[in-house]
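My entries follow in the order in which I made them.

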Amino acid sequence: GDKSLERFRAEYDNLHRALKKSHESEKRLIKKCRELNQEIVANAAKVQTALKLSQEDQNTIASLKKEIEKAWKMVDTAHEKEGRAKETINQLKLEIQNLSRLVEQGAGLSIGQENTVNELMRVKKELVKERDTQAALINQLKGEIDNYLAKIVAIDGDVAAANAEAAALKEVLSARKEEAEKEQARKERLQRELKK
């Protein structure tokens with residue numbers, strides 16, 4: 001009788017150890033599953049953030065491009081004004097030369113002609129000033145356009161980096177999901193074996 005009791009005790013001890021070991025394994029698996037799930041949630045949030053940043057950068061680029069279009073239109077307008085001012089200056093120069101030639105021919109200027117020459121000189125001075133102002137405006141606008149373009153290049157870089165980060169995070173995410181699924185399958189298999 002003692003022998004069969006001894007055998008029963010030995011078998012009971014083995015079963016008890018196996019059950020304890022399996023219980024510890026299950027606890028470890030559950031912990032691992034929880035950790036993986038937390039990591040998946042964190043990575044999903046990171047992906048969302050990266051995509052949101054990328055979208056914001058796209059919006060900034062679009063508004064900068066609008067600004068550039070506006071600036072180019074202003075440059076075109078300034079060029080037109082500058083061209084018109086140059087034409088008028090050339091016409092005035094011709095008129096002044098003609099009047100000066102008349103003076104040299106000894107006709108002498110009447111008071112009216114003298115006033116005309118003085119008026120033409122004044123208008124010429126104003127137009128030269130306007131032409132210089134327009135040229136300065138064109139240079140300023142070109143500088144602004146260069147700045148906008150530099151910003152767009154920098155933002156394009158940010159967008160590319162954000163997209164690359166999002167892609168990398170998505171890969172990590174799918175790897176973690178796969179790992180979590182494997183752990184879950186292992187846990188279920190272990191539970192099925194225990195129930196047998």
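I began with the charges, counting Lys and Arg as positive and Asp and Glu as negative, with His and the chain ends not counted. I placed each charge at NZ of Lys, CZ of Arg, CG of Asp or CD of Glu, and found that the mean positions of the 39 positive and 35 negative charges are 8 Å apart.

I note that this is a predicted model, in which local features need pLDDT of at least 70 and side-chain atom pairs count only at pLDDT 80 or more, while totals for chains, interfaces and linings use all residues. Residues are numbered from 1 along each chain as its sequence is written, and side-chain values use heavy atoms, with hydrogens and water left out.

Next I looked up the secondary structure and found two helices and zero strands, taken as DSSP runs numbered from the N terminus (H or I of at least four residues for helices, E of at least two for strands). The C-alpha trace spans about 155 × 15 × 15 Å along its principal axes. The radius of gyration, taken over C-alpha atoms, is 43 Å, whereas a compact globule of 196 residues would have one near 16 Å (the globule rule is 2.2 Å times the number of residues to the power 0.38).

For contacts (heavy atoms within 4.5 Å), I found that among those between residues at least 6 apart in sequence, 94% join residues at least 24 apart. The protein exposes about 14,700 Å², of which carbon and sulfur atoms supply 53%, by the Shrake-Rupley method with a 1.4 Å probe. Of the 196 residues, 21% count as buried, meaning under 20% relative accessible area, with exposed over 50% and partly exposed in between (protein chains only).

I then turned to the nonpolar cores, each a set of buried Ala, Val, Leu, Ile, Met, Phe, Trp, Tyr and Cys residues joined through side-chain atoms within 4.5 Å. The largest has 13 residues, and those with the most contacts inside it include Ile61, Leu64, Ile145 and Ile155. Helices α1 (2-104) and α2 (111-195) each supply at least two residues of this core, and the largest share, seven residues, comes from α2. A second, separate core of eight residues includes Ala85, Ile96, Leu99 and Leu120.

Leaving out residues up to four places away in sequence, I listed the partners of Ile155 as Asp57, Thr60, Ile61 and Leu64.

Notes:
Buried means under 20% relative accessible area, exposed over 50%, partly exposed in between (1.4 Å probe, protein chains only).
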